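Visitor: I am new to this one. Could you walk me through it?

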Amino acid sequence: MAASASAMVVASRAELLSLFRSLLRTASKFSDFNIREYARRRTIDGFRENRHLSDPASVAAAFADGNSQLDIARRQTTEIYGGKKIGQNILI
């Protein structure tokens, strides 16, 4: 048990706030209004939902889930091919 307890790292308040701000910042980069607002609303609702978590294991799981959601959102907002749409004609 001691080995599993030492492997579990609980996120600090600063790390949680940083994750929250990063999720909101990434949500603002979506070009479509509906997706942008959904991501923003889902971030706020998710943090409100988990506000009262006190068990270190559940806090660590929620933090890990938030980080994976951030990675997904960042991949979806990244411009591919230098901002050019696929199939766009390029004149040289």
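**Helix contacts and a core**

Guide: Start with leucine 19, which touches Phe47, Phe63, Gly66, Asn67 and Leu70, leaving out residues up to four places away in sequence. Contact here means heavy atoms within 4.5 Å. This is a predicted model: local features need pLDDT of at least 70, side-chain atom pairs count only at pLDDT 80 or more, and totals for chains, interfaces and linings use all residues. Residues are numbered from 1 along each chain as its sequence is written, and side-chain values use heavy atoms, with hydrogens and water left out.

Visitor: Which residues make up the largest nonpolar core?

Guide: Ala11, Leu19, Leu23, Phe63 and Leu70. Helices α2 and α4 (56–77) each supply at least two residues of this core. A nonpolar core is a set of buried Ala, Val, Leu, Ile, Met, Phe, Trp, Tyr and Cys residues joined through side-chain atoms within 4.5 Å.

Visitor: Why are α2 and α4 called roughly parallel?

Guide: They pack at an angle of about 25°, with their axes 10 Å apart. Angles under 35 degrees count as roughly parallel, over 145 as roughly antiparallel, 65 to 115 as roughly perpendicular and the rest as oblique. Therefore α2 and α4 are roughly parallel to each other. Angles run from 0 to 180 degrees between N-to-C directions, and axes are lines fitted to C-alpha atoms, for helices over the stretch in contact.

Visitor: What makes α2 and α3 roughly antiparallel?

Guide: Helix α2 (residues 13–27) and helix α3 (residues 33–49) pack at about 165°, with axes 8 Å apart. That angle makes α2 and α3 roughly antiparallel, therefore. In this contact, Leu16, Leu19, Phe20, Leu23, Leu24 and Ala27 of α2 meet Arg36, Ala39, Arg40, Thr43, Ile44 and Phe47 of α3. By class, the contact of α2 with α3 has nine nonpolar, one polar and two charged residues. Ala, Val, Leu, Ile, Met, Phe, Trp, Tyr, Cys and Pro count as nonpolar, Asp, Glu, Lys and Arg as charged, and the others, Gly among them, as polar.

Visitor: How do you know that threonine 26 is buried?

Guide: Its relative accessibility is 4%, so threonine 26 counts as buried. Buried means under 20% relative accessible area, exposed over 50%, and partly exposed in between (1.4 Å probe, protein chains only). Threonine 26 lies in helix α2. Beyond four places in sequence, threonine 26 is in contact with Leu70, Ala73, Arg74 and Thr77.

Visitor: Why is threonine 77 called buried?

Guide: Because threonine 77 has a relative accessible area of 19%, it is buried. Threonine 77 sits in helix α4.

How values were computed:
Helices (H or I, at least four residues) and strands (E, at least two) are DSSP runs, numbered from the N terminus.
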